[in-house]
Amino acid sequence: YSLIEGPGGLPVVSLVNDHGVASIALQGATVLSYRPSDEADVLYVSESAVFSDGQPIRGGVPICFPWFGSHGTDAGKPSHGTVRTRAWELVGVHEHNGALTVRLTTREGVLAVAFEVTLGPRLGMSLEVEHTGRSGESEVFEAALHTYLSVGDVSGATVTGLEQTDYLDQLEGRRRLTQGDDPIVFEGEVDRIYLNTSATCVLHDPVFERSVAVDKDGSRSTVVWNPWIEKARRLADLPDDAWQRFVCIETGNIADNAVTLRAGERHRMAAALSVQ
Ligand code: BG6
């Protein structure tokens, strides 16, 4: 592994082994790339992403924590929490059974947060939160691994695994709806928080002729997002046509699935990406 100067001069950890290549910016502990051997990058990073201290990176896998989306009570607080915009501490990299794992940490109040990325037969990502406060105290948090998956053309892409699952439609004030039996297709803006699901999701991409599976553990919510034409225009760090090139499948614990942690307790949420 090596610590290199990435885009905008930001420090980036680069992992290379027989399984492929991965890179992680210390800024937000944002995974920027995952290329299994002989494959194009699984992750999408915006061609106009901003790489700068204090700015979230548009693409890869930003971490939303300790809240998802806008803050519940304070509109002045940043979207998706506080940790995606700060530099995390690099604790170290270790090798085990031919896989490389990098560990990064940060802290939000009494919550100590560790994020590990493992480059093995799959790309593993694990977010562990520990309540380090005084006994009797508890904290509620939301979290998401906001995974931007690269697609050849979103119009032909489908997502399976969430059939018959309840979701909150972010386009209708979080109205509660239920997914039918069909795969998710993209024919307009999609912004949904699926609840009470631990299912593996698969993104099928007929243009790249591959499928990407998102397996998860310790996560009860899955967000599926594509901004489509109008919203992509409104996002300054995304080219106008970029909506065609990614789908977000986000492993999380959000809304009804927010996590309550008492002092001394830990919670772990993990996701693994694999190409099929
Ligand atoms: C998604 C949300 O996870 O992130 C969307 O569901 C949001 O509502 C999108 O627009 C991007 O958020 P941001 O803060 O990175 O622009």
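Which residues does the UniProt annotation "active site" cover? In the unreviewed entry, the annotation covers His146 and Glu250. UniProt positions are in the numbering used here, feature names are shortened, and such annotations may be inferred rather than shown by experiment. The two are spread over 105 residues of sequence, yet they cluster in space, with a largest C-alpha distance of 4.7 Å.

Some background. This is a predicted model, where local features need pLDDT of at least 70, side-chain atom pairs count only at pLDDT 80 or more, and totals for chains, interfaces and linings use all residues. Residues are numbered from 1 along each chain as its sequence is written.

Now His146. His146 sits in the loop between strand E11 (143-145) and strand E12 (148-150); strands are DSSP runs of E, at least two residues, numbered from the N terminus. His146 counts as buried because 24 other C-beta atoms lie within 10 Å; the cut-off is 20 or more, with C-beta atoms placed from the backbone. Leaving out residues up to four places away in sequence, His146 touches Val61, Pro62, Cys64, Cys248 and Glu250. Contact means C-beta atoms, placed from the backbone, within 7 Å.

Next, Glu250. Glu250 belongs to strand E21 (residues 246-253). Glu250 is also buried, with 26 other C-beta atoms within 10 Å. With the sequence exclusion of up to four places, the contacts of Glu250 include His146, Thr222, Val223 and Trp225.

Last, the ligand. The residues around the ligand include His146, Glu250, Val223 and Trp225, where near means a C-beta atom, placed from the backbone, within 6 Å.

Methods: Helices (H or I, at least four residues) and strands (E, at least two) are DSSP runs, numbered from the N terminus. A residue is buried if 20 or more other C-beta atoms lie within 10 Å of its own, exposed if 12 or fewer, and partly exposed in between; C-beta atoms are placed from the backbone. Two residues are in contact if their C-beta atoms, placed from the backbone, lie within 7 Å.
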